[in-house]
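User: Hi! Could you walk me through this structure in plain words?

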Amino acid sequence: IIRRPNVVLIVLESFGREYIGSFNKHRKIINYESYTPFLDSISNHSLIFTNAFANGRQSIEALPSIMASLPSFKVPFTSSPYSNQDVQSLVSVFNELNYSTSFFHGAPNGSMGFLGLSNILGFNNYFGKNEFNNNSLYDGYWGIWDEPFLQFMKSEIDEKKPPFLSTVFTISSHEPYVIPSKYDGKFKKGSIDMHQCVGYTDYALKRFFNESKNSDWFENTVFIFTADHGNQSYYPYYEKIINRFASPIM
């Protein structure tokens, strides 16, 4: 019996290639420091693509590109006159293969046009801040902190009948560059405000994997990591125009 693998696509907010140590081993950047110990650890068991570049500067531009190979046409796809046309995407392909498809984003439902885009792409289910339904874990700016939202995603995936495609867009690694107060001092402050946030999201991913590895679906799942775009740069190598758009694919 051929068991079709589940797929979990993790789009990391503002996670430029610069922050992830495993993508910078051979770049000869003086005094380079990584802020992603968990991602670095699983990269040793992964296929990584070291020359990927973001298609835009904003999250709303990224998702059509990642999910449906649609670039921005001066305005984001969801705001363009083309958005009412049927498009082939990862979601439509997996739907045709009878996968269950779901999209997770911890921001208020409708933020950045993601709810509308998820409908265009054909996701069976959308899970946002409304479905999470616990404002005590709202960061006060963008949505639910990454750590509890990824745990929520895990609990929802546990209920799904395989095979499934689940996509999550994280939110915590973003200005105003804050982390939950209970973690003050836990992550390296680094050289720019973004570094501590990267450490927090990396930790949230570690917790998600640790909690998920005993679930029935885990062993037959392909995990894909990428990012929407970069953010603050510290190293001169990443201040070059092309490298400002350098993104991970793992």
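Analyst: Happy to! Helices α6 and α7 pack at an angle of about 25°, with their axes 8 Å apart. Axes here are lines fitted to C-alpha atoms, for helices over the stretch in contact, and angles run from 0 to 180 degrees between N-to-C directions. Helices (H or I, at least four residues) and strands (E, at least two) are DSSP runs, numbered from the N terminus. This is a predicted model, where local features need pLDDT of at least 70, side-chain atom pairs count only at pLDDT 80 or more, and totals for chains, interfaces and linings use all residues. Residues are numbered from 1 along each chain as its sequence is written, and side-chain values use heavy atoms, with hydrogens and water left out.

User: How do α6 and α7 run relative to each other?

Analyst: They are roughly parallel to each other. Angles under 35 degrees count as roughly parallel, over 145 as roughly antiparallel, 65 to 115 as roughly perpendicular and the rest as oblique.

User: And which residues of α6 and α7 make the contact?

Analyst: On the α6 side, Asp146, Glu147, Pro148, Leu150, Gln151 and Lys154 take part. The α7 side includes Tyr200, Tyr203, Arg207 and Phe208. Contact means heavy atoms within 4.5 Å. By class, this contact of α6 with α7 has seven nonpolar, three polar and five charged residues. Ala, Val, Leu, Ile, Met, Phe, Trp, Tyr, Cys and Pro count as nonpolar, Asp, Glu, Lys and Arg as charged, and the others, Gly among them, as polar.

User: Got it. What about α2 and α4, at what angle do they cross?

Analyst: Helix α2 (residues 59–68) and helix α4 (residues 114–121) cross at roughly 15°, and their axes come within 11 Å. That makes α2 roughly parallel to α4.

User: Which residues meet there?

Analyst: From α2 you have Ser59, Ile60, Leu63, Pro64, Met67 and Ala68, and they meet Phe114, Leu117 and Leu121 in α4. The residues of this contact divide into eight nonpolar, one polar and no charged.

User: New topic: how much space lies in the largest pocket?

Analyst: About 280 Å³. Of the 13 residues that line the largest pocket, Ile42, His45, Ser46, Phe209 and Phe223 are the closest to its centre. On a 1 Å grid over the protein atoms alone, a pocket is an open set of points with protein on both sides within 12 Å along at least five of seven lines, whereas a cavity is a set where a 1.4 Å probe fits but cannot get out; lining residues have an atom within 4 Å of a point. Grid points are joined across faces, edges and corners, and a volume is the space filled by probe spheres set on the points.

User: Which strand gives the most to that pocket's lining?

Analyst: Strand β6 (residues 221–227), with five residues. Overall, the pocket lining divides into nine nonpolar, three polar and one charged.

User: And how many cavities of 30 Å³ or more are there?

Analyst: The structure holds five. The largest cavity has a volume of about 60 Å³. Its lining has three nonpolar, six polar and three charged residues, among them Arg17, Glu18, Tyr19 and Arg244.

User: Last one: where are the cis peptide bonds?

Analyst: One runs from proline 162 to proline 163, with omega near 0°. Proline 163 is in the loop between α6 (146–158) and β5 (164–169). Another runs from glutamate 175 to proline 176, with omega near 10°, and proline 176 is in the loop between β5 and α7 (194–212).
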